[in-house]
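Reader: I have a chain on the screen and would like to learn how to read it. Please start with the general idea each time, then turn to this case.

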Amino acid sequence: MSLNKELLDLLVCPECRESLTLCPAEDGLCCERCQAVYPVRDGIPVMLVSDRLGLDEWNGSLPGK
């Protein structure tokens, strides 16, 4: 399931308000500033600070890697 490009353009990190980068497998949204990933479950971004994972905890794909 592909995420809607228009929706992605509107989403920002709920913690720092920086733009997010979609992970290559579309399994997460990465915030470079916070060094965190917000998971995408069943095509729906989970934008809760309590559900984000640090880059060191994330087992999914990462942008630029």
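Author: What follows goes from the overall fold to the strands and their hairpins. This is a predicted model in which local features need pLDDT of at least 70 and side-chain atom pairs count only at pLDDT 80 or more, while totals for chains, interfaces and linings use all residues. Residues are numbered from 1 along each chain as its sequence is written, and side-chain values use heavy atoms, leaving out hydrogens and water.

Reader: How do I read strand pairing, and over how many bridges do β2 and β3 pair?

Author: Two strands pair if DSSP finds at least two bridges between them. Strand β2 (residues 28-31) pairs with β3 (residues 36-41) in the antiparallel sense over four bridges. Strand β1 (residues 21-22) also pairs with β2 in the antiparallel sense, over two bridges. Cys30 is the bridge partner of Thr21 and also of Val37 in β3.

Reader: What lies between the strands of each hairpin?

Author: The β1-β2 hairpin has five residues there, and Glu26 takes a positive phi near 55°. The β2-β3 hairpin has four, and Gln35 takes a positive phi near 55°.

Reader: Are the residues of β2 buried or exposed?

Author: Buried means under 20% relative accessible area, exposed over 50%, and partly exposed in between (1.4 Å probe, protein chains only). Gly28 and Cys30 point one way from β2, Leu29 and Cys31 the other way, and all are buried. Of the 65 residues of the chain, 35% count as buried.
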